[in-house]
Amino acid sequence: NGAGRGFRLDQSISETKRLTLSYRESVVSLEFAALNYVNPSRNRYRYKLEGFDAEWVEAGDRNFATYTNLDAGSYVFRVTACNNDGLWNREGIALQLMITPPPWKSWWAYTLYSGGALSSVLAFTRYKMKEQARALQEQARIDRAKVEERERIRKKNAADFHDEAGNKLTKIMLYTELAKRNAPDKPALNDLLAKIEANSSGLASGMRDFIWVLDPERDTLRDTLERLEEFAASLFHYADTDVSLRYDHREVDGVHLALDVRRQILLIYKEAMHNALKYAGATQAVLMVRVRNGSLSLAFADNGAGFDPAKATGGYGLSNMHARAAQIGAALLIRSAPGEGTQVGLSVALE
């Protein structure tokens, strides 16, 4: 062995079948001899270290073998000899060699390496996940800030528009009323002034709806229904029509609607209520609302005169209602027949 380190055998080398060496034994020399005393100079040897030598090594009369820097592992050293007559010993002898690995190549060392590598991977994964979480939180913060800024600007624009346009409309309606008072004997002029007043009033109402829709604090289904309820109460105040809204508060609470969805729903059902007042002569009308499986359904039904949708004129605004429904990807169904009342149904998917 190398490095000058000695070791002791538990029994005679001739009886030893297994030999364990440390990785520190960098040089291993094995000496052997054939017990033939007739003409020992003509003895011949061949050997093979299984696990290292691919073929038998013909050693001639050399009776030793030397190996350097063997890798850790299990080997079997086999040697056979022939006598002076050239007769080979078929069985020979065998010695199992075990070279123990250095500590840094032992199984427990590789276990530590694997554990360290796994810990590093887990630590890196946790680090990346934290980085990703921080990035998502930062992006969410930026998105919230953008939404808040858009809502602030939207609210400010709505307020500015209300102040500017509202003042102008108020003046137009005031001047119209003054003109009517100063022209009592001019029927044609009074008729024109009345039309100006009616259109101004309609424009003011539409502007209020538009400003209401722009308000980011009014973006829920509940707000929209309350707006329609207020409109219905005002519209049918002097009519002989009992109008009601039916919906489950637990369904509609917390349901948010996009700006355009709110606007089109409001305008469609304002049109439907106007038609019920102007043409139906109904005694009862109801707006029913359901929220199911991510879908919003509304149906406004009256028990009035009804009409044939195929023969309806432009006064009913049916084409506008269909166009508004199409803008928000909603399905609009109008059912009516003379003497059977009218129902206006709308179904729209919620985001």
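The expected span of a helix is 1.5 Å times one less than its number of residues. Keep that in mind for the first view of this predicted model.

**View 1. Helix α5, end to end.** Helix α5 covers residues 259–280. With 22 residues, α5 reaches 31 Å from its first C-alpha to its last, which is close to the 32 Å expected at 1.5 Å a residue.

**View 2. Helix α5 beside helix α6.** Here α5 packs with α6, residues 318–327, at an angle of about 160°, and their axes are 9 Å apart. That angle makes α5 roughly antiparallel to α6, because angles over 145 degrees count that way. The crossing of these two, α5 and α6, is left-handed. So who meets whom? On the α5 side, look for D260, Q264, L267, I268, E271, A272 and N275. Over on α6, their partners are M321, R324, A325 and Q327. Sorted by class, the contact of α5 with α6 has 5 nonpolar, 3 polar and 3 charged residues.

**View 3. Helix α5 beside helix α3.** Now find α3, residues 221–235, which packs with α5 at an angle of about 20°, with the axes 10 Å apart. The two helices, α3 and α5, are therefore roughly parallel to each other, since angles under 35 degrees count as roughly parallel. Their crossing, α3 with α5, is right-handed. From α3, the residues in contact are T224, R227, L228, F231, A232 and L235. From α5, they are R262, I265, L266, Y269, K270, M273, H274 and L277. By class, this contact of α3 with α5 has 9 nonpolar, 2 polar and 3 charged residues.

**View 4. The aromatic pair F32 and Y47.** How many aromatic pairs does the count come to? It comes to 7 aromatic pairs. One to zoom in on is F32 with Y47, a tilted pair: 6.0 Å centre to centre, with 55° between the planes. F32 sits in the loop between β2 (27–31) and β3 (44–50), while Y47 is in strand β3, so the pair ties together parts that are 15 residues apart in sequence.

Methods. Residues numbered from 1 in each chain as written. Predicted model: local features only at pLDDT ≥ 70, side-chain atom pairs only at ≥ 80, totals over all residues. Heavy atoms only, no water. Axes fitted to C-alpha atoms, helices over the stretch in contact; angles between N-to-C directions. Helix = DSSP H or I, 4+ residues; strand = E, 2+ residues; numbered from the N terminus. Parallel < 35°, antiparallel > 145°, perpendicular 65-115°, else oblique. Left-handed = near helix turned anticlockwise from the far one by under 90°. Contact = heavy atoms within 4.5 Å. Nonpolar A, V, L, I, M, F, W, Y, C, P; charged D, E, K, R; others polar. Phe/Tyr/Trp six-rings, centres within 6.5 Å; stacked < 30°, edge-to-face > 60°.
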